[in-house]
Amino acid sequence: MVSAVFHSPLDSASPEAIKSIAGNAPSTGAAKPLAAQATAAAASATAAPQRRDWAALSRSFWMAVLPPACGLGLLLGIWALVSATTGQSIPGPAETWQQAVTIFSDPFYRNGPNDQGVGWNVLASLERVAIGFGLAAVVGIPAGFVIGRFTFLSRMFNPLISLLRPVSPLAWLPIGLLVFKGANPAAIWTIFICSIWPMIINTAVGVQRVPQDYMNVARVLNLSEWKIATTILFPSVLPYMLTGVRLAVGTAWLVIVAAEMLTGGVGIGFWVWDEWNNLNVKNILIAIFVIGIVGLLLEYALVKLATAFTFEEVKA
Amino acid sequence: MNASLTSKFIEVQRVDQTFKTAKGLFPALRGIDLTIAKGEFVALIGHSGCGKSTLLNLIAGLTTPTSGALLCANKEIKGPGPERAVVFQNHSLLPWLTCFDNVYLAVERVFGRTESKAQLRERTDAALALVGLTHAAQKRPGEISGGMKQRVGIARALSMEPQVLLMDEPFGALDALTRAKLQDELLEIVARTQSTVVMVTHDVDEAVLLSDKIVMMTNGPAATIGEVLQVDIPRPRSRVELAEDPVYLQCRKAVIDFLYTRQGHVEKVA
């Protein structure tokens with residue numbers, strides 16, 4: 001009977017049999033190894049619900065990891081396919097990876113003004129975006145507040161904004177070059193122009209959408225315009241404003257690459273163009289990834305910032 | 001009720017209010033005449049859309065009348081002001097401020113020029129204690145219940161030591177038990193502070209329990225005051241004892257009679 005149980009542990013009769021063996025096991029030396037296995041089987045039987053939990057956990061883990069991995073795999077697959085069919089004129093993922101490893105092993109080198117590490121190029125672009133975007137925030141956010149608060153100004157500026165907003169920021173580049181007489185300020189000017197609109201518009205909309213209830217509180221308390229701005233307008237506009245900031249940074253990062261292609265100097269956009277002139281396609285592909293990753297990080301940081309400052313709406 | 005009840009404190013004189021809507025002019029109120037004495041508790045009652053809140057907003061100064069005049073303490077009401085505190089229907093607390101800061105905002109506005117920071121804080125604490133919310137002072141409105149929010153709203157209004165307390169269905173959104181509790185608290189607070197109160201309600205029991213005078217409004221459009229009922233029940237009033245009080249029942253019947261028999265359909269009574 002012992003051997004029968006051992007050979008068919010999944011028999012319908014087995015659980016009781018296993019228990020009986022486990023109970024009897026210590027008395028007979030020969031039964032010991034069998035008993036050990038039998039108790040293990042019994043233990044795993046009782047642990048089944050726990051294991052199911054673990055299974056659910058691992059399933060949700062795989063559902064979180066597998067689809068993005070598949071997406072990435074698809075990208076690499078298509079890339080490899082394109083690379084193979086074009087006869088390596090577009091380098092494949094493996095070679096690009098190797099090139100990336102060499103590039104990122106020394107991202108901060110300087111061999112003259114036109115040959116600098118990718119790190120310097122990214123930092124130069126980020127610096128331009130920061131300056132242009134910062135200036136746009138300094139001008140755009142207060143402008144948005146004022147436009148949102150006063151109907152006259154809103155009607156005055158709405159046609160101007162509607163007219164200028166659809167213009168590609170790059171169309172402003174020659175004006176920037178003309179006025180500022182330099183490539184770098186012109187690029188910053190382009191960033192300024194492209195990132196100011198989302199901030200003005202979103203801030204103004206936020207101000208116009210401040211719940212009337214809050215404004216009634218302000219009116220009953222007869223608060224000063226400054227107090228209204230700091231205690232009521234600003235906190236309730238903040239989520240809208242941060243949306244504007246997020247859109248602005250996204251656009252600025254899109255535009256800087258194009259602007260730098262035109263202005264030259266140091267910067268990730270210039271680097272792409274420079275590598276195109278060198279016919280170094282691997283570096284262009286790497287640049288595309290670097291631009292994407294930096295953009296992703298900017299977006300992620302601003303989303304985090306926005307959620308930290310969004311107040312739960314009070315519902316009665 | 002006391003002797004000062006005879007004096008005029010708030011006067012509403014031949015007030016009309018017409019709103020411009022997409023469909024043209026909408027006459028909300030017509031020919032409103034009302035006098036409220038100092039220390040009096042007045043309830044405005046009527047069916048939905050009869051212009052109760054419109055009248056309250058006029059007294060608050062949040063809107064201006066199309067014609068007619070409103071006076072408070074013999075001065076024309078030109079706009080809203082902290083001497084006429086409003087408890088809003090939906091409490092209107094600022095969600096990014098703690099309960100303490102919500103009340104402090106009002107206290108600072110009214111007493112900030114004359115009193116020290118410590119005194120202002122003391123006033124704020126006192127107002128929160130008055131509504132029994134000392135323990136929730138540092139919580140944000142999102143973290144407390146609807147009844148508690150409404151109490152903070154009342155604390156904010158009371159903290160300004162207003163001449164008039166205007167309440168727009170302050171307990172409308174609350175459950176019956178919480179409402180009863182807050183009504184009792186309000187009775188107590190009003191008795192202590194001797195405030196003049198104008199309260200919009202559509203709860204007959206609430207109106208009779210709380211007020212000295214019930215202003216019953218006819219159905220809109222062009223609503224007006226249909227009837228004014230004096231509630232001659234001595235204070236302090238107890239909810240439990242009133243349940244069998246003949247005057248209470250009589251008043252209650254009069255209001256119900258007005259609302260459901262005479263104003264069951266749209267018509268003018270006055």
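In which sense do strand S1 (residues 10-21) and strand S4 (residues 67-72) of chain B pair? They pair in the antiparallel sense, over 5 bridges. Keep in mind that this is a predicted model: local features need pLDDT of at least 70, side-chain atom pairs count only at pLDDT 80 or more, and totals for chains, interfaces and linings use all residues. Residues are numbered from 1 along each chain as its sequence is written, while chains are lettered from A and ligands numbered from 1 in the order in which they are written.

- Pairing here takes at least two DSSP bridges between two strands.
- Asp16(B) stands opposite Ser67(B) in S4(B).

**Strand S7 and its neighbours**
- S7(B) runs parallel to strand S6 (residues 84-87) of chain B, joined by 4 bridges.
- Val87(B) has Met167(B) in S7(B) as its bridge partner.
- On to strand S8 (residues 196-201) of chain B: S7(B) pairs with S8(B) in the parallel sense over 5 bridges.
- Asp168(B) has Val200(B) in S8(B) as its bridge partner.

**Tucked away**
- All 5 of the 5 residues of S7(B) (residues 164-168) are buried, so the strand is largely enclosed by the rest of the structure.
- Buried means 20 or more other C-beta atoms within 10 Å of a residue's own, with exposed at 12 or fewer and partly exposed in between; C-beta atoms are placed from the backbone.
- Val164(B), Leu166(B) and Asp168(B) cover one side, and Leu165(B) and Met167(B) the other.

Terms used. Helices (H or I, at least four residues) and strands (E, at least two) are DSSP runs, numbered from the N terminus.
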